[in-house]
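This briefing walks through selected features of one protein model, grouped by topic. Please keep the sequence and the structure in view while reading.

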Amino acid sequence: MPLPFLTADRDLDPDTRAADSAALAHDEPDHWRRPYRPGPWRVGAAAVFLLLASFVLLSALITAMAGSLPGAAACAVVGAAMITLALRLLRVGVWVSAHGLRQVNLLRTTTEPWSAVASVQTRQQPVRWLGLPRTVQGQALIIERTQGEPLRSLLTDHNGDFLSRPEAFERAADVLEAWAAEYRA
């Protein structure tokens, strides 16, 4: 059963013939898309936040039925914040389109037009393990700007999207490098 909301991984499966002929992940270059699927660690963390939000919203309902509307409102606000955090956590990553490259962080989004991107390359360097302070030796996708310092590396082989999926990291890095080569010129 094809799931159309999945991103580049469905187009680059070795079973399909489209993988051999397509240099880019999608045919519609004007829409922002992530050239890889969110990893199991990222999806699992978002699911835990959504589960906790459901308990908080249930407690808001119980508190409202008990007659404490300020307490219920506070619980509802906390639940809505947890849902927003879970959805934002799922959007974290690198997104591309014909217009440029967008780096979505948890609290901030940076968009660079392709003319401002000097290079996109993979480097061996110390990277954070699942975004925690602990660092390990790994690969990171470095996006150099023509002016200023490089973008903070969100794509590493030890982050929530690619931990224990090295082939998915290589595929995502290759697709991002292909987008950069296609649209920087």
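Arg 123 is partly exposed, with a relative accessible area of 33%, in a model that is predicted. Its side chain meets that of Glu 144 in a salt bridge, with an N to O distance of 2.7 Å. Arg 123 belongs to strand S4 and Glu 144 to strand S5, so this pair ties together parts that lie 21 residues apart in sequence.

**Salt bridges**

- The structure holds three salt bridges, and the pair of Arg 123 and Glu 144 is one of them.
- In general terms, side chains of opposite charge can pair when their charged atoms come close.
- The side chains of Arg 42 and Asp 161 also meet in a salt bridge, at 2.9 Å from N to O; because Arg 42 lies in helix H3 and Asp 161 in the loop between S5 and helix H5 (166-184), the pair ties together parts that are 119 residues apart in sequence.
- Arg 42 is buried, its relative accessible area being 10%, and Asp 161 is likewise buried, with a relative accessible area of 1%.
- Glu 112 forms a salt bridge with Arg 145, in which the closest N and O atoms are 3.6 Å apart; Glu 112 is in strand S3 (residues 109-113) and Arg 145 is in strand S5, so the pair ties together parts that are 33 residues apart in sequence.
- Glu 112 is buried, with a relative accessible area of 12%, whereas Arg 145, at 25% relative accessibility, counts as partly exposed.

**The largest pocket**

- The largest pocket has a volume of about 740 Å³, and of the 24 residues that line this pocket, Leu 130, Gly 131, Arg 152, Leu 154 and Asn 159 are the closest to its centre.
- Helices H3 and H4 (69-91), together with strands S4 (117-128) and S5 (135-145), each supply at least two residues of the lining of the largest pocket.
- Sorted by class, the lining of the largest pocket comprises 13 nonpolar, eight polar and three charged residues.

**A nonpolar surface patch**

- A nonpolar patch on the surface is formed by Val 48, Leu 51, Leu 52, Phe 55, Leu 58, Leu 61, Ile 62 and Met 65, which together have about 830 Å² of accessible area.
- Leu 51, one of the residues of this patch, is found in helix H3 (residues 40-66) and counts as partly exposed, at 48% relative accessibility.

Note on methods. Residues numbered from 1 in each chain as written. Predicted model: local features only at pLDDT ≥ 70, side-chain atom pairs only at ≥ 80, totals over all residues. Heavy atoms only, no water. Patch = residues over 30% accessible without salt bridge, like charges linked within 9 Å, V, L, I, M, F, W, Y side chains within 5 Å. Areas by Shrake-Rupley, 256 points an atom, 1.4 Å probe, with all protein chains shown as cover. Salt bridge = Lys/Arg side-chain N within 4 Å of Asp/Glu carboxyl O. Helix = DSSP H or I, 4+ residues; strand = E, 2+ residues; numbered from the N terminus. Buried < 20%, exposed > 50% of the residue type's maximum accessible area, 1.4 Å probe, protein only. 1 Å grid on protein atoms, 1.4 Å probe; cavity = no way out; pocket = protein on both sides within 12 Å on 5 of 7 lines; lining within 4 Å. Points joined across faces, edges and corners; volume = space filled by probe spheres on them. Nonpolar A, V, L, I, M, F, W, Y, C, P; charged D, E, K, R; others polar.
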